Amino acid sequence: MAWDVPCILNQFAASLARAEDAAGVGPRARRYNATGWSFVRMADLADKSWSNWARHRAAVVLPYDPQQIVFYELYGMGLPLLVPSESLLPLMIRLGYTNLRDFARTRPGWTVPADELGCMWTEECLCADIERILDWMKNWCFLSCVWELRWWSSLTDYARMPHLLRWSSFPELMARLVHTDLPGLSARMRRESNVLLVRSADFWRGALARAMMS
């Protein structure tokens, strides 16, 4: 998470707890005082080991790139993950390192076949020449409209993986934490990870076998 997000979430959780106190909610009916939620940035953890990560009840993931390794590590542990909803994802990954024009590099002498260009289905690109399209690809996060960014981000695992807690606002994020069966969700995530592991092993076994036969 960004350094300021834990501060905002902690302040929000504290405000909910104070609201329960002011409303005179009984001890057994309280949801926010009883749970003792505290948010901390991963980089600020004194113990950054996987075993310490696994001791946490959940993690809030704010993706800055279309793919982050830590996302899959936490998912494989069965740690419940709260990720932005599909409508918010473009705002998160739009300026990631893999999307910035400063990092856009093309191998000398290499061009993308026109039939493989992801933007060819847009009306603007259909009327453009190949140089215009290649320039669009290098700077897509700056030149694309919102619906194009949403289309791209909808293909990421943040939008497609099952058993993720998706939120569109901080109130919804807190509600997901409080009302979700986190241990049950963790068990489903671990089962999904086992299925993906077997599926990946079968794919690569077959790919290597075909490569060795050719």
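Q: What percentage of the 214 residues in the chain do buried residues make up?
A: Buried residues make up 34% of the 214 residues. Buried means under 20% relative accessible area, exposed means over 50%, and partly exposed lies in between (1.4 Å probe, protein chains only). The model is predicted: local features need pLDDT of at least 70, side-chain atom pairs count only at pLDDT 80 or more, and totals for chains, interfaces and linings use all residues. Residues are numbered from 1 along each chain as its sequence is written, and side-chain values use heavy atoms, with hydrogens and water left out.

Q: What is the mean pLDDT of the chain?
A: The mean pLDDT is 79, and 70% of the residues reach 70 or more; pLDDT is the predictor's confidence in each residue, from 0 to 100. Over residues 117-128 the pLDDT is below 50, yet this stretch has 21 contacts in the model beyond near neighbours in sequence. Contact means heavy atoms within 4.5 Å.

Q: How many aromatic pairs does the chain have?
A: The count comes to five aromatic pairs. Rings of Phe, Tyr and Trp (its six-membered ring) pair if their centres lie within 6.5 Å; planes under 30 degrees apart count as stacked, over 60 as edge-to-face and the rest as tilted.

Q: Why is the pair of Phe71 and Tyr72 called edge-to-face?
A: The ring centres of Phe71 and Tyr72 are 5.1 Å apart and their planes stand at 80°, so the pair is edge-to-face. Phe71 is buried, because its relative accessibility is 1%, whereas Tyr72, at 30%, is partly exposed.

Q: What makes the pair of Trp167 and Phe170 tilted?
A: The centres of these rings, Trp167 and Phe170, are 6.0 Å apart and the planes lie at 45°, so the pair is tilted. Trp167 has 5% relative accessibility and therefore counts as buried; Phe170 has 22% and is therefore partly exposed.

Q: Which residues form one aromatic cluster with Phe71?
A: Tyr72, Tyr75 and Tyr158 form one aromatic cluster with Phe71.

Q: Why is H1 called roughly perpendicular to H11?
A: Helix H1 (residues 4-22) and helix H11 (residues 170-179) pack at an angle of about 70°, with their axes 11 Å apart. Angles under 35 degrees count as roughly parallel, over 145 as roughly antiparallel, 65 to 115 as roughly perpendicular and the rest as oblique, and H1 is therefore roughly perpendicular to H11. Axes are lines fitted to C-alpha atoms, for helices over the stretch in contact, and angles run from 0 to 180 degrees between N-to-C directions. Helices (H or I, at least four residues) are DSSP runs, numbered from the N terminus.

Q: Which residues in H1 meet H11?
A: Val5, Ile8, Leu9, Phe12, Ala13 and Leu16 in H1 meet Phe170, Pro171, Leu173 and Met174 in H11. Leu16 and Met174 are 158 residues apart in sequence and 9.4 Å apart in space, C-alpha to C-alpha. Leu16 has 22% relative accessibility, so it counts as partly exposed.

Q: How do you know that Ser186 is buried?
A: Ser186 has a relative accessible area of 10%, and therefore it is buried. Its place is in helix H12 (residues 182-213). Leaving aside its neighbours within four places in sequence, Ser186 is in contact with Gly78 and Pro80.

Key. Helices (H or I, at least four residues) and strands (E, at least two) are DSSP runs, numbered from the N terminus.
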